[in-house]
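Here is a short tour of a structure for you to follow on screen. Have a look at the sequence and the coordinates first, and then we can walk through helices, charges and surface together.

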Amino acid sequence: GEFYPDLIAESFALREVGNIKLSYFLAYSAFENYINERLGSHDQEKRLKEKLNELFKMKFALLEKNKIYTSVINEFGHWESIRNDIAHGRKNIELTNQDVYGLTLLVLTLIAAYETAIDTFYSLFLDVSQERDPIKGL
C-alpha cells in the first residue's frame, strides 16, 4: 500500500500532542512520498518543487491555467525552507499549529486536485463536499 496516508495521519496525531516540528516534518514527508510514488522518482535527485511541477504537467497540459497550482506554487519555497531548517537543525524555529495547518492544507489540496484532475478551488470544493454514499462508495 501507499505510505503517505500513514504519514499524514501521524502528522495529525503529533500535532494534537504538541509535537509541532515533527508534525510539520511528517506532513512534508507525506507530500514528498506522494509525489515520488506518482512519478516513480524515489531515486531522482531533483528539488521537490521540480518534481511537483513535473507531476502536475502530466495531468494538466496547460499548467499555467490551473488556478489551484498557480495560486499556491509561489508559496512552496516558504514551506520547503521551514522543512529544511527542521531537517538540518539550522535554526531554532518556533512553529505554531497554524504553520502545520497551512502546510497540511497545501498538501491535501494539491493531492486532491491531482487525484480528481480538478483545476479550480470552487470545483474542488464542490467535488469534495458532496455527500458520499458509503454503501456504493460514491
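Let us begin with Asp 85, which counts as buried because its relative accessibility is 8% and the cut-off for buried is under 20%. Keep in mind that this is a predicted model. The side chain of Asp 85 meets that of Arg 90 in a salt bridge, at 3.6 Å from N to O. Arg 90 itself is exposed, with a relative accessible area of 52%.

In general terms, side chains of opposite charge can pair when their charged atoms come close.

How many salt bridges does the count come to? The count comes to six salt bridges. One of them joins the side chains of Glu 115 and Arg 38, at 2.9 Å from N to O. Since Glu 115 belongs to helix H6 and Arg 38 to helix H2, the pair ties together parts that lie 77 residues apart in sequence.

Another salt bridge brings together the side chains of Glu 80 and Arg 47, at 2.8 Å from N to O. This pair also links distant parts of the chain, 33 residues apart: Glu 80 sits in helix H5 (residues 76-88), while Arg 47 is in the loop between H2 and helix H3 (48-59). Is Glu 80 buried or exposed? With a relative accessible area of 8%, Glu 80 is buried. Arg 47, on the other hand, is partly exposed, with a relative accessible area of 47%.

## Helix H1 and its buried face

Now turn to helix H1, which covers residues 4-16. At 1.5 Å a residue, its 13 residues should span 18 Å, and the end C-alpha atoms are 19 Å apart, which agrees. Which residues of H1 are buried? They are Tyr 4, Leu 7, Ile 8, Ser 11, Leu 14 and Arg 15. Viewed down the axis of H1, these buried residues fall within an arc of 125°, so they line one face of the helix.

As for what lies against them, the buried residues of H1 pack against helix H2 (20-39) and helix H6 (97-116). After H1 comes Gly 18, whose phi is positive, near 90°.

## A residue inside H6

Helix H6 also holds Thr 104. This threonine is buried, with a relative accessible area of 8%. Which residues does Thr 104 touch, leaving aside those up to four places away in sequence? Thr 104 touches Phe 12 and Ala 27.

## A nonpolar patch on the surface

Finally, have a look at the outside. Tyr 122, Phe 125 and Leu 126 form a nonpolar patch on the surface, and together they have about 350 Å² of accessible area. Leu 126 is found in helix H7, which runs over residues 121-129. With a relative accessible area of 37%, Leu 126 is partly exposed, because that class lies between the buried limit of 20% and the exposed limit of 50%.

Key
Residues numbered from 1 in each chain as written. Predicted model: local features only at pLDDT ≥ 70, side-chain atom pairs only at ≥ 80, totals over all residues. Heavy atoms only, no water. Helix = DSSP H or I, 4+ residues; strand = E, 2+ residues; numbered from the N terminus. Expected span 1.5 Å × (residues − 1). Buried < 20%, exposed > 50% of the residue type's maximum accessible area, 1.4 Å probe, protein only. Arc of directions from axis to C-beta. Contact = heavy atoms within 4.5 Å. Patch = residues over 30% accessible without salt bridge, like charges linked within 9 Å, V, L, I, M, F, W, Y side chains within 5 Å. Areas by Shrake-Rupley, 256 points an atom, 1.4 Å probe, with all protein chains shown as cover. Salt bridge = Lys/Arg side-chain N within 4 Å of Asp/Glu carboxyl O.
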